[in-house]
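Student: I would like to go through the packing of this model. Could we take it one residue at a time?

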Amino acid sequence: MRNIGGFVNRYGLIVLFVAVVGVFAAFQPAFRTTVNAFIILQSVVATALVALGLTVSLTVNGFDMAVGSTVSFTVMVAAATQIFLAWPWWLSLIAALLGGVLIGLFSGLLIVLAKVPDMIATLGTMFVFSGLSLILTAGKSVSNGNGYNGAPAKGEFAREFLWIGRGKISGVPFSVIVLVAATVLVVVFLGRTRTGRIMQSIGGNEEAARLAGANTKVYRVLAYMISGFLASLGGVILVARVGRGDVNVGSSYLLEAVAAALVGYTLLGANRANALGSVVGALFIGVVVNGLTMFNVPYYTQDFIKGALLVLALIVSFSTRSHASRARATSDGEQSGRRKAIAA
């Protein structure tokens, strides 16, 4: 029984993912084409990037609820600076990414200096920057030809900027390449660098990390800045793909990023927030949405079906996580008992 629990703990999410893909592929030939695979990958790029950022904040035992508003703010900055102010596309890109970093810095300082709990601090940040993104655009969507609050537009989206979300390199969407690169960098950063290992130790026991000499406040702020940057990168790719800045577009990305990060908790037995698991979780969501759309499932039932599958994935993740923890505790107790018997 323990072996079954261990297998499900390590591979349950992958088995469930493969099963969902298999069902869709078996009954819908268009689902298993290369073109559709790229469509799915492109559709989850923004969600996966936001989930990667959220994962970094979870690593230090935080929770960045502002990632959705960061996406919205980034989208509006990138759109408004090009349409309203006629900035060069590269300057708009820098402004958008820098905006995400500053939002993360704002959240981090609220947490470590004002000592506001993570969730409450980032909830406040979410409302502040959601409101600010509305002010920037007079509460309206931004597109070519529409200036600020009815005034004539001074510029338009540059082709170079739109290429970020729509361009391809050797047939592979550039946005997908960005996601793969970001995933590799975050995995290596958290697992192979001194900074990443310190962040993980802070998440495990912040007081122990502090006593070991780590400046925990600096690392926690850094985690939120990285989260803000990755969320803003997702926002840039989103607005570059659709060529339009929609008000409050980031609200759905918070929920999907949280779902992706939680679903990926136990990928390969990690039993904690991990970058690769978050990306797999985002892909799981993308596959479900794409498959349901191909089967012409009514839009008003898709959220229910998607939610049911996500709940199933979470049950697999967290129930087997608890099983693994109990198994480790039992094993540790048995080893301790044997050591005491030998000593006696």
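Student: Leaving aside its neighbours within four places in sequence, which residues is Phe24 in contact with?

Tutor: This is a predicted model, in which local features need pLDDT of at least 70, side-chain atom pairs count only at pLDDT 80 or more, and totals for chains, interfaces and linings use all residues. Residues are numbered from 1 along each chain as its sequence is written, and side-chain values use heavy atoms, with hydrogens and water left out. Beyond four places in sequence, Phe24 is in contact (heavy atoms within 4.5 Å) with Phe31, Val287, Val288, Gly291, Leu292 and Phe295.

Student: Where is Phe24 found, and is Phe24 buried or exposed?

Tutor: Phe24 is found in helix α1, residues 2–27; helices are DSSP runs of H or I with at least four residues, numbered from the N terminus. Phe24 has a relative accessible area of 9% and is buried. Buried means under 20% relative accessible area, exposed over 50%, and partly exposed in between, with a 1.4 Å probe and protein chains only. The C-alpha atoms of Phe24 and Asn290 are separated by 9.3 Å, although these residues are 266 apart along the chain.

Student: Turning to the largest nonpolar core, which residues have the most contacts inside it?

Tutor: They are Leu49, Leu52 and Phe161, in a core of 86 residues. A nonpolar core is a set of buried Ala, Val, Leu, Ile, Met, Phe, Trp, Tyr and Cys residues joined through side-chain atoms within 4.5 Å. Helix α2 (residues 34–59) gives the most to this core, with 11 residues.

Student: What does Leu49 touch?

Tutor: Not counting residues up to four places away in sequence, Leu49 touches Leu179, Ala182, Leu230, Leu233, Gly234 and Ile237.

Student: And what about Phe161: where is it found, and what does Phe161 touch?

Tutor: Phe161 is found in helix α6, residues 159–166, and is buried at a relative accessible area of 0%. With residues up to four places away left out, Phe161 touches Ala78, Gln82, Trp89, Val236, Val239 and Ala240. Phe161 and Ala78 are 83 residues apart in sequence, with a C-alpha to C-alpha distance of 9.4 Å.

Student: Back to helix α2: is Gln42 buried or exposed?

Tutor: Gln42, whose place is in helix α2, counts as buried because its relative accessibility is 17%. Among the residues that Gln42 touches beyond four places in sequence are Pro173 and Arg241.

Student: A last one: where is the place of Leu91?

Tutor: Leu91 lies in helix α4, residues 89–112. Leu91 is partly exposed, with a relative accessible area of 30%.

Terms used. Helices (H or I, at least four residues) and strands (E, at least two) are DSSP runs, numbered from the N terminus.
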